[in-house]
Amino acid sequence: MRHKRGNIPERKHNSLPTHTIQMAEKNRIQALDIMRGITIAGMIMVNNPGSWSTIYAPLRHASWCGLTPTDLVFPFFMFIMGITTFLSLQRYDFKPTATVLKKIITRTLGIILVGIFISWFAHFCYYWNNADDSLGFGRQLLEASNVFPTLRYSGVLHRLAVCYGIVAITATLVNHKRFPWIILALFATYFVILEAGNGYAYDETNILSIVDRAILTPAHMYNDNSIDPEGILSTIPSIGHVMTGFCVGRMMFRKDSVNEPRSNTQILYSKITRLLLFGACILMIGFLFSYACPINKKIWSPSFAMVTCGFGSLLLAVLIWLIDIKGKKSWGRFFEVFGVNPLFMYVMSDIVAILFGSVLFYSDGNDINIIRYTYINLIPLFGENGASCIYALLFVCLNWCIGYPLYKRKIYIKL
């Protein structure tokens with residue numbers, strides 16, 4: 001879909017003051033796109049090392065409880081998604097019209113289907129490479145295509161879609177002043193589930209594992225000690241996570257005072273102040289709460305959601321000050337390429353990574369894929385950990401090269 005950024009359709013009987021609409025159109029906060037781009041580039045980097053056995057510690061997820069820089073990138077994206085959900089629905093006055101609901105449902109289902117396709121494509125390539133050579137082409141194709149008995153129906157895109165759909169529909173039906181209470185109820189309910197269901201156990205006795213194995217079945221799960229990090233129950237706090245981002249969007253972009261007109265810089269400083277106060281408060285609450293509810297990404301504990309939303313708010317405040325107030329934008333152009341087409345870039349990186357891992361060629365007496373070949377040839381220069389990191393950075397740059405022509409031509413692909 002090709003369109004111009006910032007062109008908000010003209011609306012009749014608008015409940016928002018003209019001052020607010022003009023501010024949203026003419027003074028787009030570029031830091032949002034750049035922060036979103038940083039998170040997408042980060043997600044691509046940590047998902048594509050040269051070797052999973054040789055990774056620098058900051059580029060690994062915490063093994064169970066705890067927090068590493070890598071654990072921040074996905075929740076940061078979900079936080080930003082909450083903010084942009086507020087902005088997108090604001091154009092329609094948050095009214096549950098047939099058009100708005102159709103857009104929300106269509107986008108939700110579309111992202112889920114893309115997630116299922118990526119999972120299918122990965123399985124297809126894996127089975128195709130390992131198919132019995134004695135079989136005919138048609139039989140090999142059939143067997144490689146029939147991966148549905150072991151296809152995973154949960155994942156990053158699935159979680160993004162479900163959380164977006166629920167939060168967006170709720171935003172059209174419920175007074176936004178009630179959102180903090182809904183978030184509190186979601187976090188409290190999930191905390192009780194964790195406490196009552198051995199939710200901090202890193203094994204199959206965990207209530208999250210029990211529910212996922214009963215509903216998804218083990219064949220369709222990501223099996224990390226019987227824990228699926230994007231499982232069913234952990235979707236509860238994830239919804240609260242995106243809703244927190246929505247509340248931040250409301251705090252930042254709802255109408256400002258029109259009785260005493262202020263300059264754009266004054267308005268931005270006001271937003272930064274709100275973000276800093278909110279971020280510091282929720283960060284402190286999250287860390288204090290972690291004494292009762294450990295910070296854990298794999299179960300998406302409420303303390304994890306609060307801490308990452310707090311860090312996300314603080315980072316966004318810093319970026320707004322640096323980019324939109326001080327005008328230091330040139331360094332962020334690289335990340336903006338990812339930020340204006342975030343889901344497309346993420347999906348494209350998955351497809352490229354699957355192909356790089358599946359396309360084999362003969363080298364030194366062995367069949368080897370592109371990832372392994374590149375990594376091995378980088379080891380003499382950078383060592384094992386360094387080679388793994390350099391490969392990941394090169395892979396990010398390769399995807400940037402794919403996204404840059406779209407960015408240059410102002411082509412924005414909506415997923």
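**Exercise 1. Cysteine pairs**

Find how far the sulfur of Cys-65 lies from the closest cysteine sulfur, and decide whether the two are bonded or too far apart for a bond.

Solution. The model is a predicted one.
- Step 1: the closest cysteine sulfur to that of Cys-65 belongs to Cys-293, at 8.9 Å.
- Step 2: a disulfide needs two cysteine sulfur atoms within 2.5 Å. The sulfur of Cys-65 is therefore too far from that of Cys-293 for a bond.
- Step 3: repeat this for Cys-401. Its closest cysteine sulfur is in Cys-397, 7.0 Å away, which is again too far for a bond.
- Step 4: turn to the whole structure. A search of it finds zero disulfides.
- Step 5: Cys-65 is partly exposed, at 40% relative accessible area, and Cys-401 is partly exposed, at 47%.

**Exercise 2. Helix α9**

Compare the span of α9 with the expected one, and state how many of its residues are buried.

Solution. 
- Step 1: α9 has 19 residues, and 27 Å separate its first C-alpha from its last.
- Step 2: at 1.5 Å a residue, 27 Å is expected, and the span of α9 is close to that.
- Step 3: of the 19 residues of α9, 16 are buried, so the helix is largely enclosed by the rest of the structure.

**Exercise 3. Helices α13 and α14**

Describe how helix α13 (residues 342-358) and helix α14 (residues 370-408) cross.

Solution. 
- Step 1: their axes come within 10 Å and cross at roughly 140 degrees.
- Step 2: over 145 degrees would count as roughly antiparallel; α13 and α14 are therefore oblique to each other.
- Step 3: the crossing of α13 past α14 is right-handed.
- Step 4: the contact involves residues of both helices, among them Phe-344, Met-348 and Phe-356 of α13 and Tyr-391, Phe-395 and Trp-400 of α14.

Terms used. Residues are numbered from 1 along each chain as its sequence is written. This is a predicted model: local features need pLDDT of at least 70, side-chain atom pairs count only at pLDDT 80 or more; totals for chains, interfaces and linings use all residues. Side-chain values use heavy atoms; hydrogens and water are left out. Buried means under 20% relative accessible area, exposed over 50%, partly exposed in between (1.4 Å probe, protein chains only). Helices (H or I, at least four residues) and strands (E, at least two) are DSSP runs, numbered from the N terminus. The expected span of a helix is 1.5 Å times one less than its number of residues. Axes are lines fitted to C-alpha atoms, for helices over the stretch in contact, and angles run from 0 to 180 degrees between N-to-C directions. Angles under 35 degrees count as roughly parallel, over 145 as roughly antiparallel, 65 to 115 as roughly perpendicular and the rest as oblique. A crossing is left-handed if the near helix is turned anticlockwise from the far one by less than a right angle, and right-handed if clockwise. Contact means heavy atoms within 4.5 Å.
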